[in-house]
Amino acid sequence: MTKHFPRPSATGAAALTLALALSLTACSSPGDRAPDADSAAALSHIHGLGLRGDSLYVATHQGIYTPDADGAPVPVGDRRDDFMGFTVTAEGHFLASGHPAPGADGPADLGLVASTDSGRTWREKSLAGKVDFHALDTARDSTVYGYDSANGRLRVSADGVTWDDRAALRALDIAVSPADPATVLASTESGVARSTDGGRTFAPGAGRVLAYLSWGAPDALFGVDPDGVLFRGTGGGAGWNRVSTVPGGAPQALTVVDARRLLVATGDGVYESRDAGRTFERRMAVKAPGGGH
């Protein structure tokens with residue numbers, strides 16, 4: 001089951017509670033996806049966003065896409081896997097997790113896979129057949145943090161191969177501090193939960209209920225709530241100031257590049273802001289979802 005929210009008519013806490021319940025019960029299986037679905041349909045379910053240079057990459061239910069000159073989605077490489085978790089490292093490498101495309105060989109869960117050529121080819125790194133990460137992030141020291149949704153647990157690896165089990169929690173997204181690799185935030189149904197010991201323990205979620213979090217620079221912590229309202233974090237997530245409402249309704253993914261530049265996927269597009277979230281321009285069109293998986 002993908003980690004999408006109901007439409008914005010639900011209250012923030014109720015929407016996040018439902019999304020967490022769906023995320024923790026099951027993920028989509030390879031048989032759920034039509035292998036000949038078109039690009040617009042594939043982009044109706046977005047799980048991650050990233051930049052390599054100035055090129056936008058969008059992780060979806062059916063592979064990685066990038067926009068052409070007109071903002072239309074173009075598939076990258078040949079793999080049409082359901083990339084649930086996705087992040088771009090400081091070196092420009094792609095890390096992802098999820099499920100293989102229909103008819104593909106291998107186990108139902110990808111574990112952690114990596115690409116060094118912008119998603120054209122992928123190689124297995126670890127945990128194949130064992131874990132489906134629904135959220136991935138990396139620290140400044142290249143430590144990989146992954147949220148194992150099926151087991152409700154944070155897992156951490158120094159090399160993407162050997163993993164350490166950390167706290168058990170119900171979360172939808174995670175964000176690691178760019179200044180302190182031991183500081184991790186998680187979006188939960190009771191608010192933002194904070195860890196200062198590398199995810200071994202978390203204080204109870206409190207305050208603002210947010211769906212997605214991203215910490216692109218020490219002074220660039222942002223979160224978006226289930227209704228698409230964007231907030232900027234203060235005090236390392238102790239407080240949240242409202243910035244704007246992202247176009248297109250309920251959010252599907254958030255990636256912060258720096259203090260001024262961020263990317264948000266919503267129901268009708270992938271939007272970019274270059275003024276710290278005050279205004280947005282659509283970079284890629286998205287077909288509105290017709291329902292969950």
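Okay, let's start with contacts: of those in the chain between residues at least 6 apart in sequence, 44% join residues at least 24 apart, where contact means heavy atoms within 4.5 Å. Before I go on, this is a predicted model, so bear in mind that local features need pLDDT of at least 70, side-chain atom pairs count only at pLDDT 80 or more, and totals for chains, interfaces and linings use all residues. Residues are numbered from 1 along each chain as its sequence is written, and side-chain values use heavy atoms, with hydrogens and water left out.

The overall inventory, then. We have two helices and 23 strands in the chain; these are DSSP runs, H or I of at least four residues for helices and E of at least two for strands, numbered from the N terminus.

Now a sheet. β5-β6-β7-β8 is the order of an open sheet of four strands, with antiparallel pairing; two strands pair if DSSP finds at least two bridges between them. At the edges stand β5 (82-88) and β8 (123-126), each with a single partner strand, so one side of each is left without a neighbour in the sheet. On average, neighbouring strands of this sheet are turned by 35 degrees against each other, direction ignored, using axes that are lines fitted to C-alpha atoms. If you look at β7 (residues 112-115), three bridges join this strand to β8, and the two run antiparallel. Leu 112 is the residue opposite Ser 126 in β8.

Next, a hairpin. β14 connects to β15 through two residues, and five bridges join strand β14 (residues 184-188) to β15, again antiparallel. Here Leu 185 stands opposite Arg 194 in β15. How enclosed is β15 by the rest of the structure? Largely, because four of the five residues of this strand (residues 191-195) are buried.

On to the largest pocket, which has a volume of about 940 Å³. For the record, a pocket is an open set of points on a 1 Å grid over the protein atoms alone, where a 1.4 Å probe fits, with protein on both sides within 12 Å along at least five of seven lines, and lining residues have an atom within 4 Å of a point. There are 47 lining residues, and the closest to the centre are Thr 87, Val 88, Thr 89, Asp 137 and Thr 138. Among the elements giving two or more residues to the lining are β1 (46-52), β5, β8 and β9 (133-138). By type, the lining divides into 22 nonpolar, 17 polar and eight charged residues, with Gly counted as polar.

Most residues other than glycine have a negative phi. Ser 142, in the loop between β9 and β10 (144-148), has a positive phi of about 75 degrees and is partly exposed at 35% relative accessibility. Ala 276 also has a positive phi, about 65 degrees, and sits in the loop between β22 (269-273) and β23 (281-285). Is Ala 276 buried or exposed? Buried, with a relative accessible area of 6%.

One of the residues touching Ala 276 is Arg 260, from the loop between β20 and β21 (262-266). Arg 260 is partly exposed, at 45%, and also touches Ser 273, Arg 274, Asp 275 and Arg 278. From Arg 260 to Gly 277 is 17 residues in sequence and 7.2 Å in space, C-alpha to C-alpha.

Methods
Axes fitted to C-alpha atoms, helices over the stretch in contact; angles between N-to-C directions. Points joined across faces, edges and corners; volume = space filled by probe spheres on them. Buried < 20%, exposed > 50% of the residue type's maximum accessible area, 1.4 Å probe, protein only. Lists of a residue's contacts leave out its neighbours within four places in sequence.
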